Every structure is written in structure tokens, then in C-alpha cells.
Amino acid sequence: MKYGIAAIDHGADAVYIGAPRFGARAAVGNSIEDIRRLCDYAHPFGVKVYVTVNTIIYDQEIEETRFLLKDLETVGVDAILIQDMAVFQMLRGSSIGLHASTQTDNRTPEKVRWLRNIGFSRAVLARELSIEEIADIHRAVPDMELEVFVHGALCVSYSGICYASQYCFGRSANRGECAQFCRMKFSLQDAEGREVEHDRYMLSLKDMNQSDHILDLIEAGASSFKIEGRLKDISYVKNVTAAYSQRLNEIIRRFPDQYCRSSRGVCHYTFTPDLRKTFNRGYTTYFLKGRQPDIASFDTPKAMGEYVGVVKELRGDSFNVAGVASFSNGDGLCYMDENRQLEGFRANRVVGNRIYPYRMPKGLHPGVRLYRNSDQEFDRLLSRPSAERKIPIRMALRAISDGFELRVEETVLRVPFEHQQAQKSPRENIIRQLTKLGDTIYFCEAVDIPDDFNYFIPNSVLSDMRRGIIELIKTSSCEVRGVRSENTHATEHPLHSNLPPQTSLYSSHHYLLNISNRLSQTFYGVEEQTAYELRGGNGPIMQCRHCIRYALGYCIKHGGQRPTWREPLSLVLGDGRRFRLEFDCKNCQMNVYAS
């Protein structure tokens, strides 16, 4: 919950949080009481709370899920992110908004239209989409809210149809238990067993950073921007949320007649947000502007952080750095050695740009590019209270026949009180007393008082008026919750037409529908539960837009050189397990099969 509060304080318009169970991050569930407290904190700011119940569920879990959903509705959450259509059916008729999680594999206009037609109000799109593809979806389904990922770790497979973790370790990504198969080392071999690449992180991607393209995404039709924060620390939440909030504010300042924030409040920070200083494996815009050659991080799945300069000179137990960065005692530094292995160390002592490690790293030499993945001074700033969010209000006071009226926008407080002429101008004291908002979430920008107002009001009455109007504002703001309107665009389908638009892989491999319980089975109108977790499957365990052949420069379609190897290629784990690669050039997609 404290992470959600930190996100709100640092400028979030909405937060998403895992339910006690059935969230796609099984290790980080939250209690119903914590979710209630988060809603209570968020709603006065107009901030929405979205809860993830986006795993597939089994038959024996249906009743538990039903009770969970009732509890979530009771505590006032605004929407629930869903993968399993059993959860969707349980929520039909509820006041809670229905958001299709990215786990439902939302990458085409046809799929998003289908989701809209059955009753979803928002679709969280696949991370792999380009600006043009997002715009195509928006044009095709203009009355559907589109949420896009803008920052954080990237899954190499389209979400919701990755079964590698289940296949290798019995830990289902569709059950929130991903074992990070894509962050493991592989050798790449051709059909004759010849090694093309040795022990590299062939499926590990850099982290997404779309901070320079928020306006492009807005113009394409995105209305919500999602920051991924899987198991990140609170400093990450603070820094990244603040950085994107400032980008949005700048866009709104440029186009005030076109855009506005969906929540209220002005944030003041004690630090300058800097995305370079937050956990990252190097940044990429992924497929936003089409296929790019540098989206993967073959050498390490770990955070390298910000580039800080080049090693210039080694002298005994120290070295200096050519660059403009300043360092602090305890900074975490790293570099790639000659074997392409990431080496890290701490700066034990710093004197200017000369760094004294606790022990001199092996292989460090002049010319090495140096990175900082832990900035002690920045971390110290974020370890303390680092932001305050306040809602600006403007009060208006006037006399009425039997007392006084205090108004803030549409909220009105009337106080009966005898009119007494003041012996000296009361204006200064009235403004001082009414604007003492202390530790509330409001600050008063101005108090409008008529020029001819000359009535004496005791400080005790002014204090009561101030407290009263704030309570009225809080009550009215909490009542304005993101309640879903009736699904005016939803249509009722016969059960057997509830199958989503299918790719050729979907039609030939039914496990891709992730049907794991009787409610979903009935919804789709199929004869059996086909989830990979229940029955396995002989199709791909991953579908990736990331293409190893392209990344290595051997995609003829995109101007690469002709490969010298004989396909099929295989990824080989250190324990000898093999995974065959299929290059579907027609769809510009790489499929991974368990051999």
C-alpha cells in the first residue's frame, strides 16, 4: 500500500495494485484492508485504484474468487484488470469498471473491438505495438479506452501466451509465478549443432522508456500510461512516477484546450526526477517507431544504470574518470569486461573524480566505459519524504440574510450568524484564518471577498467554517468514484460466438485461449478446458516480436546479410534443454518451441 501512496504523492492519476490472490504478481498480493486504505487515500485526489485479478483460475478457486470480488467492490475499487473470462462473468452487472489486462493478448483492432462488444471499458494493449498500430486500433474502436505501457521491464513474449516458465519449472506466468525464463543464458546452435552464439542472454530485453514520446501516444489515441514496477523499490516508484507526471504536465501546459489530467492536485518535489538513475537494463523505445536493432541486452539481464564516463588513469589503489558526473562514497559502479561479463564494485572513497574502490576490480583499464547503478546521493534524497501533493482551491465568502456563505466551486457551506459591523477592515484576518489548511490535502490559492464586506466574524466561527467546508469537499470528492456506466455498446452474443478473433496459431493450438475452469469453458462455448497448465500443448511456448535473426543482422527482409547457418536454430540452456526457433517472416514474429 505504501508504494501506491508514494505513487499518488508523486503525481499518479491512477494506481494498480495486486489483490490478495489471483494477481499476475503472485509474490506481492495486498490485503483487502490495505486496498481499502489506498482507496480512501486516492479518491479525494480523484485518483483511481485498479486491482489486478488477472491470472487464470481453476474450478476449485471459483467461489474464493467470487468472495474476493465482492470484497473489492465493497472497499470501493474503481476497476479490475482481468484475464480469465470467469472473472469477467462474475463482475457483469457490478459497478466496478472492467479492464482487459495485457494478459488477454490485445494486439489487433479486431481483438479490442471484441473486448468492447462483450463489455470491457478499457484494453491494456500489448507492449509490442507501434504508434501506427495503436492509432489503427483507436480509429477502429474510438469509444474504447486504450492503456499503453510506457516504462519498465519488457516481457519478450506477447503477454498471456508465454508458457516457458510453466514448461521448464512448473511455474505458470498465467498464474503470476513467472520464473524469468527470458533472463537466462542460452547458446544459439544451428541445425547441425554448430554454435552461433555462446552463453548469452538471447531473450533478455532492455527496459522500456517512452518518456520522450508521450505526446505521440496521446495523439495515437492512448488515454492511460502504465509504468511497470515488478518488485521494484519505493525509490523507483517515486522517481519514475514524478518524471512521467512532469512530462504530462508539460504537454498540458502546451495544449491546455486539448488535454487535462484525470486527477487533481499539484505536486512539489524535493528532488529532480531523473530516469537514468533508476533501475534499468539500458533503455529502448521497443517497437514504437517500428523494428529497431538494439532492443535486447544480450550481455547481461542486470541493471547497468547511467553512463558516467570513461576510465582515464589507474594509479595504485584508485583510478579517475573522464566525464562530468560527480560521485559519492558508496556509489555502485559497473562495467563490461573483455569477456562481456558485467563486473560491479563500490566506491569506497571519492575525491573529486578519483575513485578508491574497496578492492581494485580485475580487468579495469583506461578506456573502459563506466556505469553507475546505485547513486548514493540520489537514493538519500528519495529515502526521505520527497513530494507533497496538494489540491488548490479558491474560496468565496459572502454575507447572506441570516449569516454567511462560504463556497468552493459547487460546494457551499452556510452558517447562521448575526451581522456585526467591524470597527476595522476584517479582510486580512478572514483570509489568514480561512487559509490555515495545515496538514489537509488542500491549499487555498485565494479568498474572494466582496469589496463592501465589512462584517466582524470571530476566529472561532471562521475556524468552524474552514473545517466545515473542507469536510464537505472531502465528502463530495470521495463520492465521485470511477463508477462504470452501463455497457451501452456491449452486445449479447450467443455463447458459441464468444470466441475472440483468432490467429492461425489460436485456431490450431486451443491452449492459447487459457481456458482453465468451467465458467470460461461455458463462456467460449468449447467442449473442454484447454489451458496449457492443465493439458500442455505441442505449439509454441512463446510468441515474440523480438527476433534473434534480426538482432544478429541476418534478416534479409530488413536488409541484413544472408545467414551462413542451417536452420532451424535452437536455444540451448546450460543443462542441455533445447528450444527450437521458428521465424514466421510473414507475420514478422519469432516462435519458440520446446524441443
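Me: What makes up the count of helices and strands in this protein?
Reply: The protein has 16 helices and 26 strands, where a helix is a DSSP run of H or I with at least four residues and a strand is a run of E with at least two, numbered from the N terminus. This is a predicted model, in which local features need pLDDT of at least 70, side-chain atom pairs count only at pLDDT 80 or more, and totals for chains, interfaces and linings use all residues. Residues are numbered from 1 along each chain as its sequence is written, and side-chain values use heavy atoms, with hydrogens and water left out.

Me: How do you know that a search of the whole structure finds zero disulfides?
Reply: A disulfide is a pair of cysteine sulfur atoms within 2.5 Å, and the search of the whole structure finds zero of them. The sulfur of Cys155 lies 6.4 Å from the closest cysteine sulfur, in Cys182, which is too far for a bond. Cys162 is likewise in no disulfide, as the nearest cysteine sulfur, that of Cys178, is 6.2 Å away.

Me: Why is Cys155 called partly exposed?
Reply: Buried means under 20% relative accessible area and exposed means over 50%, with partly exposed in between (1.4 Å probe, protein chains only); Cys155 has 33% relative accessibility and therefore counts as partly exposed.

Me: What makes Cys162 buried?
Reply: Its relative accessible area is 16%, so Cys162 is buried. In the protein, buried residues make up 54% of the 595 residues.
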